[in-house]
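This briefing covers selected features of a structure. The points are grouped by topic and can be followed alongside the sequence and the coordinates.

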Amino acid sequence: MGIGLKVRRLALLAGMAVCAFGMSAAEAAEKHKIFLSMSFIGNDWQAEAANMVKAMASHKSMADKVDLQVQVAGPNAQRQIQQINAMVQAGAEAIVIFPISPTALNQVVKNACDKGVKVFAYDAEITEPCAYNVHIDQEEAGRVTAEWLVKKLNGKGNIIAVTGVPGTSVDDLRTKAAKEVFAKYPDIKIVGEAVGMWSQAVARTELSKILATRNWNDINGLWMQVGCFTANSMQLEAGKKASELLPCAGEGSNGGRIQMLPEGTEVEGAASPYAPLGAPRISYASPPYSGALALKLAVEAIEGKDVPKTTILPLPVVTNETIKLCNEGSWAEMKAGCNAFKPSLVSNPGWFASIFSDQTPEIGLNAALVGQPEN
Amino acid sequence: MSSVSSPVSTMSGLRRALTRNRGALIAAAVLAVLLFIVDAISAGPLTYFDVSFLSSGGATSALAAIGQTIVILSGGFDLSAGAVISLVNVVLASGMDPMAPGASVLLWTGVGIGVGMAVGAFNGFFIAVLRMQPIVVTLSTMFILQGVTLLVMDKPGGFVSPDLGTFYLGDAITGWLPMPLVVIGVVLLAWFWLKGTRFGTALYAVGSDTDSAAAVGINVVLVRFAVYVIAGGCYGLAGVFISAQTGSGDPLVGNPLLLSMFAAVVVGGTRLGGGQGGPVGTVFGAYILMMVVNILLVLNVSAYYSTIAEGTILVLAALAGSISHASVFAVQLRAARARFAAWRAGILPSQLERVDRRLKANGPAHGNRNSASPRPALHLRNAEALRYALPAYVCLLVIVIVTQIWLGRAILNPGYWNSLLVLSSFLAVLALGQGTVILTGGLDLSVPWTIGISGIILAGMVNGSDAALLYALPVVLVMACAIGFANGFGIVYLGISPIVMTLATNGILQGFALLYSQGTPAGFSSPMLRWFMTAKLGFVTPVVLLLIVFVIIAVLLLGRTPFGRRVYGIGNGLRAARLSGIGVERTLILVYMLSAVCAAVVGIMLTGFSGQASLGMGDDYLLPSIAVVVVGGALITGGRGHYLGMLGGVLLLTALQMLLAGTTLPYATRAILYGLVVLGAVMALRERQPQ
């Protein structure tokens with residue numbers, strides 16, 4: 001495709017965007033003007049969260065109340081600062097933020113609060129006291145998973161730890177909490193530690209590097225922020241049987257959840273390694289619905305309801321005892337306790353499956369997949 | 001510079017000034033137009049507050065980009081800029097006492113600039129005194145600094161006194177002049193003073209032609225060293241500014257500023273490679289890139305389209321900067337017209353009668369050349385290639401031995417060698433594409449999302465079916481050819497600098513990948529592809545066999561084909577290559593197509609390796625793909641390098657990562673060690689003492 005074509009197409013798009021803006025500005029006179037400032041959009045979690053926010057905004061209970069504009073700041077805190085400034089200038093009533101940094105935005109957020117704008121941060125935290133925060137307790141996540149692993153290993157064994165993005169608060173809190181647990185058991189040894197960047201692909205290369213000089217038989221368990229699905233696949237490739245898989249404490253990817261189902265379970269669309277294996281697992285996640293919930297809370301705050309400054313989301317934990325397959329993935333079905341989705345519905349095993357919250361009946365599986373709200 | 005040849009005396013002073021500062025003037029005009037657009041579309045009029053916000057928003061990038069511009073003017077390249085900003089930020093945030101009643105703005109500004117200059121001196125020592133390649137020295141510095149930054153502060157936090165914020169973000173003249181503009185103005189004034197001194201002249205001279213500069217008695221070593229120190233000071237000041245702006249520390253805050261800094265430099269009219277342009281244009285460039293945020297907001301561009309819009313704005317800004325009679329685009333148009341006229345007159349070379357017009361060589365015929373002068377021995381014929389390729393292999397050997405001693409189970413463990421080759425295969429393929437681009441003096445920054453979109457489209461089409469590979473593979477490869485063609489076309493025919501063009505393409509591809517996948521890449525690798533990347537035939541993964549074939553083909557392609565000779569020809573001198581009849585345009589386009597196809601192959605391989613495709617799967621491969629090429633002995637400015645050397649670089653860096661991954665050292669220490677080893681590995685590659 002030539003540049004010329006791209007340019008022309010863009011000019012057209014820009015033109016359409018201007019028209020759309022012109023129209024919606026007139027229509028939106030009664031609506032609450034809310035902006036969403038996302039971080040880097042190029043990873044699975046972010047995109048899924050964005051879909052859920054979009055679905056929330058288009059739900060029938062919201063659509064005539066909210067005029068939502070989504071903007072991307074990329075990985076650059078500096079740009080997010082400017083973006084938030086511009087949003088305040090453009091007359092935002094509330095700004096929902098995925099904060100790139102928990103501290104760097106403090107001044108601009110304070111400035112926004114001073115102008116009466118409600119600022120909501122989801123998933124990660126903004127430390128400025130005037131901001132509303134919606135996230136899980138990261139320390140709890142690290143501690144609960146580490147305790148599960150220790151119990152599984154009876155307090156003895158060699159483990160590999162795969163962490164997240166170094167230099168972020170989330171990674172720091174989870175890893176430190178987990179290491180505190182491991183430190184209490186002198187027979188638990190961390191024999192390998194890798195930086196997993198919260199990505200299945202990175203987890204695979206890092207584990208391959210570690211295993212170049214080690215053997216699966218020397219390892220008794222895995223503690224990973226993201227990557228259990230990959231670790232299980234690699235053990236199968238190395239010739240292990242499903243019944244010999246190592247206990248793995250890790251992320252809430254749908255692939256990992258499907259692997260937790262008892263071996264031999266009939267699941268539509270399953271193909272090894274994205275198949276039931278009875279893998280010993282604890283699966284937790286930073287749930288991608290937090291942005292949608294933040295939007296809902298922001299509307300409530302604008303409407304004068306009392307919203308707490310900090311909403312700690314319940315940590316979604318699934319173990320082999322609580323794993324249950326969904327048929328369609330509607331909110332009602334998830335409320336009844338299902339927490340894994342058929343590969344025929346979710347073909348990407350790295351997709352994050354912790355999408356249920358009893359506070360967001362507006363959004364179900366379709367919200368996370370394509371941005372369609374529940375009826 | 002071309003303007004030297006034009007009759008200077010007939011030019012009035014004003015016109016000369018206009019010509020000389022064309023880049024900066026056009027950047028200023030583009031910025032003015034963007035401001036006007038934002039003002040016209042947004043609801044309210046542009047007030048002083050808007051201007052104040054904008055000026056502080058772009059100030060960090062502008063300050064850092066001024067430093068980068070000075071480095072680029074001297075013919076260098078600095079990848080450590082973002083890391084310096086992070087380091088200064090955490091040093092300030094952890095150094096200031098929250099209990100103290102106030103902080104001295106002067107003192108802490110001095111600390112920030114001092115840290116930056118110290119890093120600059122480190123860079124300058126290796127680059128100027130030891131004559132090592134800037135890109136690899138500053139890349140190592142970047143890793144080392146990232147490690148040091150995490151040692152100072154391992155997570156966001158700390159405290160920066162509000163006094164700093166009040167000073168740097170306040171008003172110089174209330175209601176009229178925001179402080180950030182004054183800070184930038186002061187730096188620019190300092191630059192104008194410097195430019196007027198003998199040092200300034202020497203700086204441009206070194207950037208234009210190092211050998212000539214040395215010949216007229218300029219102390220090249222000193223100039224280069226000073227350039228990195230000054231640039232470090234600029235990054236330091238940028239670090240102080242972002243600390244003032246954020247009021248706290250974050251060890252990752254500066255890293256994402258790096259690529260946009262280069263874009264700001266190029267959009268501002270400075271030529272990569274040195275000698276032309278200046279920091280004034282860069283400041284406008286930085287603000288143009290910052291304005292994009294506001295434009296996307298007022299236009300309400302959907303999130304998925306934002307990277308596409310950014311890429312397009314980047315290309316348009318670069319194009320606007322090159323509108324003139326002498327621009328590549330205009331020259332190409334005139335050349336096309338001339339060719340058309342020649343075709344009509346029937347005097348194109350291809351239309352002429354085919355007769356052998358070569359000069360008859362004197363002396364004996366080709367047949368007995370061997371007896372007249374015996375071919376020198378293999379190691380003599382390839383002495384240069386050996387000198388530059390060998391260090392990587394020597395270091396690889398050392399790393400493997402250290403691995404054996406430290407972790408055991410390496411040298412005699414076939415699994416170790418197999419893992420090494422499998423993990424190396426991705427970079428080995430990328431190294432051919434990126435390496436060929438670098439051999440021609442370019443750079444391909446569109447690698448990450450070419451990998452990403454290829455993997456995503458392949459996984460989506462294949463969806464677990466081996467049969468689908470039959471048509472999915474060709475589709476992806478053809479798409480890669482189109483991506484490479486677009487890159488090459490923009491660079492060759494529109495005259496856009498490779499960095500800007502491929503950076504823009506990268507953003508546009510990211511947008512397409514998001515639109516195609518709707519944010520959630522569907523599908524997964526087929527069993528055969530997964531078998532190919534992860535199964536074992538005995539001790540060997542099938543992809544290793546492919547790797548061997550690939551290496552042979554790559555060596556032949558660059559060493560034994562006319563295409564390879566043209567690539568080296570272009571890298572050694574564009575004009576000489578053109579005059580000797582090389583189809584420069586066609587070759588360059590092919591080079592970028594090759595790079596895109598290599599990236600697509602890596603995307604396919606990664607999909608097989610991980611079993612699925614994910615957004616951002618290529619992000620970790622951009623800097624390594626450049627690093628391995630340079631560590632393998634290639635010259636970043638083009639013309640020198642051997643594929644086997646690059647392969648050595650790939651194996652070395654992969655073995656090093658495997659060694660570090662096997663230890664339980666903290667990440668910060670690993671990053672520092674990685675940087676030091678890379679620096680040590682290229683010590684042997686330093687240029688010989690100039691005669």
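At what angle do helix α20 (residues 447-462) of chain B and helix α21 (residues 466-492) of chain B pack, and how far apart are their axes? In this predicted model, the angle is about 155 degrees and the axes are 9 Å apart. The two chains also touch each other, in a contact that takes 81 residues from chain A and 83 residues from chain B. On the side of chain A that touches chain B, the residues divide into 39 nonpolar, 32 polar and 10 charged.

**Helix α20 against helix α21, chain B**

- With an angle of about 155 degrees, α20(B) and α21(B) are therefore roughly antiparallel to each other.
- The crossing in which α20(B) passes α21(B) is right-handed.
- From α20(B), the contact is made by B:Thr450, B:Ser454, B:Ile457, B:Leu458, B:Met461 and B:Val462.
- From α21(B), the contact is made by B:Ala468, B:Leu469, B:Ala472, B:Val475, B:Val476, B:Met479, B:Ala480 and B:Ile483.
- The contact of α20(B) with α21(B) has 12 nonpolar and 2 polar residues, and no charged residues.
- The loop between α20 and α21 of chain B holds B:Asn463, a residue other than glycine with a positive phi, near 50 degrees.
- B:Asn463 counts as partly exposed, with 17 C-beta neighbours inside 10 Å.

**Helix α3 against helix α12, chain B**

- The axes of α3(B) and helix α12 (residues 257-267) of chain B cross at roughly 65 degrees and come within 9 Å.
- That angle makes α3(B) roughly perpendicular to α12(B).
- The crossing of α3(B) and α12(B) is right-handed.
- On α3(B), the residues of the contact are B:Thr60, B:Ser61, B:Ala64, B:Ala65, B:Gln68, B:Thr69 and B:Ile72.
- These residues meet B:Leu257, B:Ser260, B:Met261, B:Phe262, B:Ala264 and B:Val265 in α12(B).
- By class, the contact of α3(B) with α12(B) has 8 nonpolar and 5 polar residues, and no charged ones.

**Buried residues of helices**

- Helix α9 (residues 198-208) of chain B has B:Ala202, B:Leu203, B:Val206 and B:Gly207 among its residues, and these four are buried.
- They cover an arc of only 130 degrees around the axis, which puts them on the same side of α9(B).
- The cover over the buried residues of α9(B) includes α3 (48-73), α10 (210-215) and α11 (220-246) of chain B.
- Helix α8 (residues 228-237) of chain A is mostly covered, with 8 of its 10 residues buried.
- The buried residues of α8(A) are A:Cys228, A:Phe229, A:Thr230, A:Ala231, A:Asn232, A:Ser233, A:Met234 and A:Gln235.
- In chain A, these residues pack against α7 (200-212), β8 (221-224), β9 (248-250), α9 (254-260) and β10 (281-284), and in chain B against α27 (584-610).
- After α8(A) comes A:Gly239, with a positive phi near 100 degrees.
- In helix α4 (residues 106-114) of chain A, the buried residues are A:Asn106, A:Gln107, A:Val108, A:Val109 and A:Ala112.
- The buried residues of α4(A) pack against α3 (77-89), β3 (94-97) and β4 (118-122) of chain A, together with α7 (162-169) and α11 of chain B.
- A:Gly116 follows α4(A) and has a positive phi, near 85 degrees.

**Loop residues and backbone geometry**

- Most residues other than glycine have a negative phi, and most peptide bonds are trans.
- A:Trp198, a residue other than glycine, has a positive phi, near 55 degrees.
- A:Trp198 lies in the loop between β7 (188-195) and α7 of chain A.
- With 23 other C-beta atoms within 10 Å, A:Trp198 is buried.
- The peptide bond from A:Ser272 to A:Pro273 is cis, with omega near 5 degrees, and A:Pro273 is found in the loop between α9 and β10 of chain A.
- B:Gly633 lies in the loop between α28 (622-631) and α29 (643-662) of chain B.
- B:Gly633 has 27 other C-beta atoms within 10 Å and is therefore buried.
- Not counting residues up to four places away in sequence, B:Gly633 touches B:Tyr388, B:Ala389, B:Ala392, B:Gly641, B:His642, B:Gly645 and B:Leu685.
- B:Gly633 and B:Ala684 are 9.4 Å apart in space, C-alpha to C-alpha, and 51 residues apart in sequence.

Definitions and conventions
Residues are numbered from 1 along each chain as its sequence is written. Chains are lettered from A and ligands numbered from 1 in the order in which they are written. This is a predicted model: local features need pLDDT of at least 70, side-chain atom pairs count only at pLDDT 80 or more; totals for chains, interfaces and linings use all residues. Axes are lines fitted to C-alpha atoms, for helices over the stretch in contact, and angles run from 0 to 180 degrees between N-to-C directions. Helices (H or I, at least four residues) and strands (E, at least two) are DSSP runs, numbered from the N terminus. Angles under 35 degrees count as roughly parallel, over 145 as roughly antiparallel, 65 to 115 as roughly perpendicular and the rest as oblique. A crossing is left-handed if the near helix is turned anticlockwise from the far one by less than a right angle, and right-handed if clockwise. Two residues are in contact if their C-beta atoms, placed from the backbone, lie within 7 Å. Ala, Val, Leu, Ile, Met, Phe, Trp, Tyr, Cys and Pro count as nonpolar, Asp, Glu, Lys and Arg as charged, and the others, Gly among them, as polar. A residue is buried if 20 or more other C-beta atoms lie within 10 Å of its own, exposed if 12 or fewer, and partly exposed in between; C-beta atoms are placed from the backbone. The arc is that of the directions from the helix axis to the C-beta atoms.
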